[in-house]
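Hi,

Here is the structure I promised to send over. Have a look at it first, and my notes follow below.

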Amino acid sequence: MIGYQTAAPKLIRPTATMHKPVAAPIKQSTSNPGKVTEIIMRDDELSNMPMLMPLLAQLSRDDRWFVWVAPPVVLPKALLADAGIDLSKVILLKPDENHSVYDLSRQALKAGTCHAVITWPGYLSEDELNGLEDAAREGASQGIVIRGRHNA
(Lines give C-alpha, C1' and ligand atoms only; values in the text may rest on other atoms or scores of the structure.)
Protein backbone atom coordinates (compact mmCIF):
# COMPACT_ATOMS: atom_id res chain seq x y z
CA MET A 1 0.00 0.00 0.00
CA ILE A 2 1.23 3.45 -0.91
CA GLY A 3 -0.40 6.63 0.34
CA TYR A 4 -0.02 10.09 -1.18
CA GLN A 5 -0.61 13.55 0.24
CA THR A 6 -1.62 16.77 -1.51
CA ALA A 7 -4.29 19.52 -1.49
CA ALA A 8 -7.99 18.69 -1.77
CA PRO A 9 -9.69 18.99 -5.18
CA LYS A 10 -12.34 21.60 -5.96
CA LEU A 11 -14.83 19.75 -8.17
CA ILE A 12 -18.62 19.74 -7.89
CA ARG A 13 -20.15 16.38 -7.08
CA PRO A 14 -23.47 15.18 -8.51
CA THR A 15 -26.56 16.32 -6.59
CA ALA A 16 -27.25 12.84 -5.20
CA THR A 17 -23.92 12.85 -3.36
CA MET A 18 -23.58 16.53 -2.44
CA HIS A 19 -23.94 15.92 1.31
CA LYS A 20 -21.10 14.66 3.46
CA PRO A 21 -21.87 11.34 5.14
CA VAL A 22 -22.55 11.74 8.84
CA ALA A 23 -23.16 8.10 9.64
CA ALA A 24 -20.71 5.24 9.84
CA PRO A 25 -20.30 3.25 6.60
CA ILE A 26 -22.66 0.54 7.88
CA LYS A 27 -25.57 2.97 8.23
CA GLN A 28 -24.67 4.55 4.92
CA SER A 29 -25.41 1.28 3.15
CA THR A 30 -29.18 1.78 3.47
CA SER A 31 -29.07 5.01 1.48
CA ASN A 32 -26.06 4.18 -0.70
CA PRO A 33 -26.19 0.49 -1.57
CA GLY A 34 -23.00 0.51 -3.65
CA LYS A 35 -22.59 -0.53 -7.25
CA VAL A 36 -20.05 -1.38 -9.93
CA THR A 37 -19.62 0.55 -13.16
CA GLU A 38 -17.61 -0.78 -16.08
CA ILE A 39 -15.57 1.42 -18.38
CA ILE A 40 -14.48 -0.26 -21.59
CA MET A 41 -11.50 1.39 -23.26
CA ARG A 42 -10.44 0.97 -26.85
CA ASP A 43 -6.99 -0.08 -25.67
CA ASP A 44 -4.87 -0.14 -22.53
CA GLU A 45 -2.74 2.85 -23.48
CA LEU A 46 -2.05 5.68 -21.06
CA SER A 47 -3.46 8.11 -23.62
CA ASN A 48 -6.86 7.25 -22.11
CA MET A 49 -5.90 8.39 -18.60
CA PRO A 50 -6.53 12.15 -19.07
CA MET A 51 -10.25 11.53 -19.63
CA LEU A 52 -10.37 9.67 -16.30
CA MET A 53 -8.68 12.39 -14.24
CA PRO A 54 -11.85 14.42 -13.45
CA LEU A 55 -13.63 11.22 -12.40
CA LEU A 56 -10.72 10.19 -10.18
CA ALA A 57 -10.56 13.67 -8.64
CA GLN A 58 -14.27 13.64 -7.88
CA LEU A 59 -14.07 10.19 -6.30
CA SER A 60 -11.14 11.18 -4.10
CA ARG A 61 -13.21 13.86 -2.31
CA ASP A 62 -15.18 11.53 -0.04
CA ASP A 63 -14.28 11.06 3.64
CA ARG A 64 -13.45 7.40 3.14
CA TRP A 65 -10.46 5.85 1.35
CA PHE A 66 -10.20 5.72 -2.42
CA VAL A 67 -8.52 2.49 -3.52
CA TRP A 68 -6.79 1.82 -6.82
CA VAL A 69 -6.14 -1.85 -7.58
CA ALA A 70 -3.48 -2.73 -10.16
CA PRO A 71 -3.35 0.50 -12.18
CA PRO A 72 -1.46 -0.03 -15.45
CA VAL A 73 1.25 2.39 -14.25
CA VAL A 74 1.82 4.58 -11.23
CA LEU A 75 1.20 8.07 -12.51
CA PRO A 76 3.40 10.93 -11.33
CA LYS A 77 2.17 12.56 -8.12
CA ALA A 78 2.36 16.02 -9.70
CA LEU A 79 0.06 14.97 -12.57
CA LEU A 80 -2.48 13.53 -10.13
CA ALA A 81 -2.32 16.56 -7.83
CA ASP A 82 -2.71 18.95 -10.78
CA ALA A 83 -5.84 17.02 -11.78
CA GLY A 84 -7.28 17.67 -8.30
CA ILE A 85 -6.88 14.18 -6.87
CA ASP A 86 -6.58 14.16 -3.08
CA LEU A 87 -3.61 11.81 -2.79
CA SER A 88 -3.85 11.68 1.00
CA LYS A 89 -6.91 9.44 0.59
CA VAL A 90 -5.59 7.16 -2.16
CA ILE A 91 -4.41 3.64 -1.43
CA LEU A 92 -2.66 1.66 -4.16
CA LEU A 93 -2.97 -2.12 -4.00
CA LYS A 94 -0.83 -4.40 -6.10
CA PRO A 95 -1.59 -8.08 -6.65
CA ASP A 96 0.93 -10.74 -5.68
CA GLU A 97 1.09 -14.53 -5.71
CA ASN A 98 -1.36 -14.71 -2.78
CA HIS A 99 -3.77 -11.92 -3.78
CA SER A 100 -5.26 -11.53 -7.26
CA VAL A 101 -6.60 -8.27 -8.65
CA TYR A 102 -10.10 -9.69 -8.25
CA ASP A 103 -9.52 -10.71 -4.60
CA LEU A 104 -8.04 -7.34 -3.65
CA SER A 105 -10.86 -5.48 -5.39
CA ARG A 106 -13.55 -7.59 -3.76
CA GLN A 107 -12.03 -7.22 -0.28
CA ALA A 108 -11.65 -3.44 -0.66
CA LEU A 109 -15.26 -3.06 -1.86
CA LYS A 110 -16.61 -5.28 0.90
CA ALA A 111 -14.67 -3.62 3.76
CA GLY A 112 -16.93 -0.57 4.00
CA THR A 113 -13.95 1.73 4.61
CA CYS A 114 -13.59 2.72 0.95
CA HIS A 115 -15.82 5.17 -0.85
CA ALA A 116 -14.66 3.94 -4.24
CA VAL A 117 -12.49 1.18 -5.63
CA ILE A 118 -11.14 1.55 -9.12
CA THR A 119 -9.60 -1.55 -10.63
CA TRP A 120 -7.90 -2.64 -13.83
CA PRO A 121 -8.54 -6.40 -13.68
CA GLY A 122 -8.13 -7.42 -17.31
CA TYR A 123 -10.63 -10.19 -18.05
CA LEU A 124 -13.43 -10.88 -15.54
CA SER A 125 -15.91 -13.73 -15.73
CA GLU A 126 -19.60 -13.05 -15.19
CA ASP A 127 -19.32 -14.70 -11.75
CA GLU A 128 -16.39 -12.43 -10.80
CA LEU A 129 -18.26 -9.33 -11.92
CA ASN A 130 -21.27 -10.46 -9.87
CA GLY A 131 -18.92 -11.01 -6.90
CA LEU A 132 -17.66 -7.43 -7.19
CA GLU A 133 -21.23 -6.14 -7.34
CA ASP A 134 -22.16 -8.13 -4.21
CA ALA A 135 -19.08 -6.81 -2.38
CA ALA A 136 -19.88 -3.21 -3.41
CA ARG A 137 -23.41 -3.51 -2.03
CA GLU A 138 -22.16 -5.08 1.21
CA GLY A 139 -19.54 -2.37 1.76
CA ALA A 140 -21.66 0.52 0.39
CA SER A 141 -18.77 1.28 -1.98
CA GLN A 142 -18.62 2.33 -5.59
CA GLY A 143 -16.59 0.08 -7.86
CA ILE A 144 -15.18 1.11 -11.21
CA VAL A 145 -13.83 -1.64 -13.44
CA ILE A 146 -11.68 -0.40 -16.32
CA ARG A 147 -10.92 -2.89 -19.06
CA GLY A 148 -9.66 -2.89 -22.59
CA ARG A 149 -12.12 -3.85 -25.29
CA HIS A 150 -10.28 -7.16 -25.79
CA ASN A 151 -11.01 -8.07 -22.13
CA ALA A 152 -14.69 -7.12 -22.13
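Helices here are DSSP runs of H or I with at least four residues, strands are runs of E with at least two, and both are numbered from the N terminus.

Before the rest, some background: this is a predicted model, where local features need pLDDT of at least 70, side-chain atom pairs count only at pLDDT 80 or more, and totals for chains, interfaces and linings use all residues. Residues are numbered from 1 along each chain as its sequence is written, and side-chain values use heavy atoms, with hydrogens and water left out.

H4 covers residues 101-111, and its buried residues are Val101, Tyr102, Leu104, Ser105, Ala108 and Leu109 (buried means under 20% relative accessible area, with a 1.4 Å probe and protein chains only). They sit on the same side of H4, because they cover an arc of only 165° around the axis (taken from the directions from the helix axis to the C-beta atoms). Their packing partners are S3, S4, S5, helix H5 (126-139) and S6 (contact means heavy atoms within 4.5 Å).

Ser141 lies in the loop between H5 and S6, and it counts as buried because its relative accessibility is 0%. A polar atom of its side chain is 2.6 Å from the backbone oxygen of Cys114. Beyond its neighbours within four places in sequence, Ser141 has contacts that include Ala108 and Leu109.

Enjoy exploring it!

Terms used:
Buried < 20%, exposed > 50% of the residue type's maximum accessible area, 1.4 Å probe, protein only. Polar contact = N/O pair within 3.5 Å; in protein donor to acceptor, adjacent residues only side chain to side chain.
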